[in-house]
Amino acid sequence: EAQMNRLQNKILPTTRADLLTNVLVVIARKDSAQSLSQLSDLAKPEVTRIAIADPQAVPAGVYAKEVLIKAKLWDKIEPKIAPTENVRATLAVVEAGNADAGFVYKTDSMISAKVRIALEIPAEFAPKIVYPAAIVARSKHQEQAQRFLAFLKTEEAGQVFRRLGFGIIQ
């Protein structure tokens, strides 16, 4: 949403629509014995490294830091944080066993056979993650863009998005 908001003066505002949602999750390797049933488990001494995308620049990392601050865990956990370039890098670090846990989107966790969702972020701490779509005002292909945007709102596209782990905004 933040990126779309920055583009607000470059899109056709009447075409902007919130299409999809996602959920932030904590992952661990499938073969890990780590029990992470609540966020506070990340502060346990046996959890030594937690991978998150850059908390200063990458949305998933920003969200993860916000969650940990809301849960009053950031100060305890910050020394364990292993910042990564992006969400896929976080996934790779956990897959390789170089971190005990990591914060990624549910959709990213679903592409790996090596990790499991250890916990979904509890509702009281969960960020609102929404993916909007809009047509660029200067597009030379307005008609095609309208058709594509309309397609993204169909049940056919919705089935694909759901299969990939996204939530659909009606």
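A residue counts as buried when its relative accessible area is under 20%. In this predicted model, Ser109 has a relative accessible area of 5%, so Ser109 is buried. The residue belongs to helix H5, which covers residues 106-109. Apart from neighbours within four places in sequence, the contacts of Ser109 are Val25, Ile27, Val104, Val115 and Ile117.

Helix H5 also contains Thr107. With a relative accessible area of 11%, Thr107 falls under the 20% limit and is therefore buried as well. Its side chain makes a polar contact of 2.8 Å with the side chain of Asn22.

Strand E1 comprises residues 17-22 and is part of an open sheet of three strands, in which the order is E7-E1-E8 and the pairing is antiparallel. Strands E7 and E8 stand at the edges; each has a single partner strand, so one side of each has no neighbour in the sheet. The antiparallel pairing of E1 with E8 extends over two bridges. Thr21 has Gly167 as its bridge partner in E8.

Aromatic rings were examined next. A pair of aromatic rings is described by the distance of the centres and the angle of the planes. A search of the whole structure gives two aromatic pairs. In one of them, Tyr131 and Phe166, the ring centres are 5.7 Å apart and the planes are at 85 degrees; the pair is edge-to-face because this angle is over 60 degrees. Distant parts of the chain are linked by this pair, since Tyr131 lies in strand E7 (residues 129-133) and Phe166 in the loop between helix H7 (155-163) and strand E8 (167-168), 35 residues apart. The other pair, Phe161 and Phe166, is likewise edge-to-face, with 6.1 Å from centre to centre and 85 degrees between the planes.

Through these ring pairs, Tyr131, Phe161 and Phe166 are linked into a cluster. Phe161 and Phe166 are both buried. Tyr131 has a relative accessible area of 29%, which lies between the limits of 20% and 50%, so Tyr131 is partly exposed.

Notes
Residues are numbered from 1 along each chain as its sequence is written. This is a predicted model: local features need pLDDT of at least 70, side-chain atom pairs count only at pLDDT 80 or more; totals for chains, interfaces and linings use all residues. Side-chain values use heavy atoms; hydrogens and water are left out. Rings of Phe, Tyr and Trp (its six-membered ring) pair if their centres lie within 6.5 Å; planes under 30 degrees apart count as stacked, over 60 as edge-to-face and the rest as tilted. Helices (H or I, at least four residues) and strands (E, at least two) are DSSP runs, numbered from the N terminus. Buried means under 20% relative accessible area, exposed over 50%, partly exposed in between (1.4 Å probe, protein chains only). Two strands pair if DSSP finds at least two bridges between them. Contact means heavy atoms within 4.5 Å. A polar contact is a pair of N or O atoms within 3.5 Å; within protein, one must be able to donate a hydrogen and the other to accept it, and residues adjacent in sequence count only if both atoms are side-chain atoms.
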